[in-house]
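Thanks for coming, everyone; I would like to take a few minutes to walk through some helices in this model. Please have a look at the sequence and the structure first.

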Amino acid sequence: MSVTLAEPVSDAAVWPRSTREHAGDLTIGGLTSAELAERFGTPLYVLDEQHVRDTCRAYRRALPGVEIAYAAKAFLCRGLVGWLREEGFGLDVCSAGELALATLAGMPGEWIILHGNAKSADELRAALRLGVGRIVLDNPAEIAGLAALVAPRQRQRVMVRVVPGIEAGAHHAIRTGGEDQKFGLSIARGDAEDAVLRAMAQPHLEPTGLHCHLGSQIGSVRPWLAAVATLVEFLAGLRDRHGIVLPELNLGGGHGIAYRGGEHPLDIEAFADDVRRQLNRRCALYDLPVPRLIVEPGRAITGPAGVALYRVLVVKRTAHRVFVAVDGGMADNPRPALYGARTTVRLVGRPGAAGTRRVTVVGRYCESGDVLAADVELPEDVHPGDLLAMPAAGAYQQSMASTYNLVGRPPVVAVRDGRSRVLLRREGIEDLLARDTGSES
């Protein structure tokens with residue numbers, strides 16, 4: 001059953017664009033939350049296909065001529081790869097599994113970028129066999145190792161991941177542009193320049209440019225402007241000292257989104273305008289050809305398009321708190337435990353009481369740290385059987401989910417124009433037991 005509701009949802013910035021509300025329920029893609037939960041069970045991830053496509057098109061409009069590769073680690077499945085391919089996006093992958101799924105789903109190898117700080121020989125062989133467009137070199141040992149794997153009379157295009165010494169990101173665990181961390185090669189120490197020279201010396205490698213990723217959940221364009229200044233100066237130095245002119249510059253992703261009311265996502269149009277202006281100005285300063293830009297958004301594409309639905313199992317009052325325990329938790333959304341991430345929580349499926357109270361939403365897993373949302377307001381009459389919705393759930397939830405306590409991972413259901421389809425089915429007990437060989441020692 002599909003319905004059409006005219007009322008926009010409050011805090012619209014954190015919900016998929018198709019979301020509407022009526023009589024205490026939300027519709028996403030023309031389907032009510034209650035209907036989706038009843039049909040597919042909970043926990044459940046709902047992904048608004050049209051929102052994903054509209055966001056891809058907004059990136060295309062803001063960044064004409066720029067290569068855009070979706071960061072697969074945010075969330076990946078075959079259905080999503082099809083949408084991205086149709087919207088003209090490539091993929092940034094970081095494992096043999098992501099690479100295999102991408103090619104199985106029909107993504108051309110030339111549109112794929114492989115990166116990672118510790119790629120195995122098997123992963124590099126797979127990338128070469130599948131003809132990936134670029135492999136990002138992250139350490140000196142990888143240069144000669146990759147060159148040795150390239151077939152005679154062939155060349156593999158590569159980029160060198162550099163560290164510009166710029167800290168950016170919402171949490172220290174997701175900041176990757178500063179010194180003394182596991183990713184990339186330092187410009188300040190000379191490691192990046194040495195890596196470029198080593199790669200240039202390998203006849204089977206074709207260095208095309210620099211790769212830089214500052215961090216995740218960045219809401220201001222300022223860190224990228226500082227990075228562009230540093231990177232262009234480095235490119236100019238390569239030209240002046242060694243006669244090397246690299247034609248590409250990959251600024252990675254990390255574009256922030258809103259998780260709660262009052263938060264603001266990165267303005268992609270402002271990002272595009274300011275970064276282009278800075279790049280042109282800095283290249284003119286050094287009389288350097290303007291390199292072709294590449295960006296790798298992930299969270300910004302799928303995060304706002306997703307909603308997680310949970311069923312309340314227990315409401316428990318203690319001396320100081322009210323705990324609302326749901327049928328999911330840290331295994332299907334580890335971000336609060338890992339990063340202290342905060343999110344919006346809303347009662348859906350029925351009108352709630354007029355009054356609210358402050359509660360802590362917790363999961364069903366055997367950890368005291370299994371907290372999804374601390375100190376959030378929910379209706380006073382929240383009770384077992386109620387349905388809760390948490391928006392901005394389309395990135396870094398399913399992709400980071402585990403089977404802790406031998407609980408299967410939730411399904412992902414795509415919605416659009418009143419229709420739904422399962423992208424990833426629910427993981428059942430049979431799936432979990434199938435890995436256990438039953439062998440005795």
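Predicted model: local features only at pLDDT ≥ 70, side-chain atom pairs only at ≥ 80, totals over all residues.

**Helix packing**

Let me begin with helix 8, which passes helix 9 in a right-handed crossing, meaning that the near helix is turned clockwise from the far one by less than a right angle; helices here are DSSP runs of H or I with at least four residues, and strands are runs of E with at least two, numbered from the N terminus. Residues are numbered from 1 along each chain as its sequence is written, and side-chain values use heavy atoms, with hydrogens and water left out.

The axes of helix 8 (residues 222–242) and helix 9, which are lines fitted to C-alpha atoms over the stretch in contact, with angles running from 0 to 180 degrees between N-to-C directions, come within 9 Å and cross at roughly 25°. The two helices are therefore roughly parallel to each other, a term used for angles under 35 degrees. Contact means heavy atoms within 4.5 Å, and the residues of helix 8 that meet helix 9 include W224, L225 and V228, with F271 and D274 among their partners.

Also in helix 8 is G237, which counts as buried (under 20% relative accessible area, with a 1.4 Å probe and protein chains only) because its relative accessibility is 8%. The C-alpha atoms of G237 and P297 are separated by 28 Å, the two residues being 60 apart along the chain.

Terms used: Parallel < 35°, antiparallel > 145°, perpendicular 65-115°, else oblique. Buried < 20%, exposed > 50% of the residue type's maximum accessible area, 1.4 Å probe, protein only.
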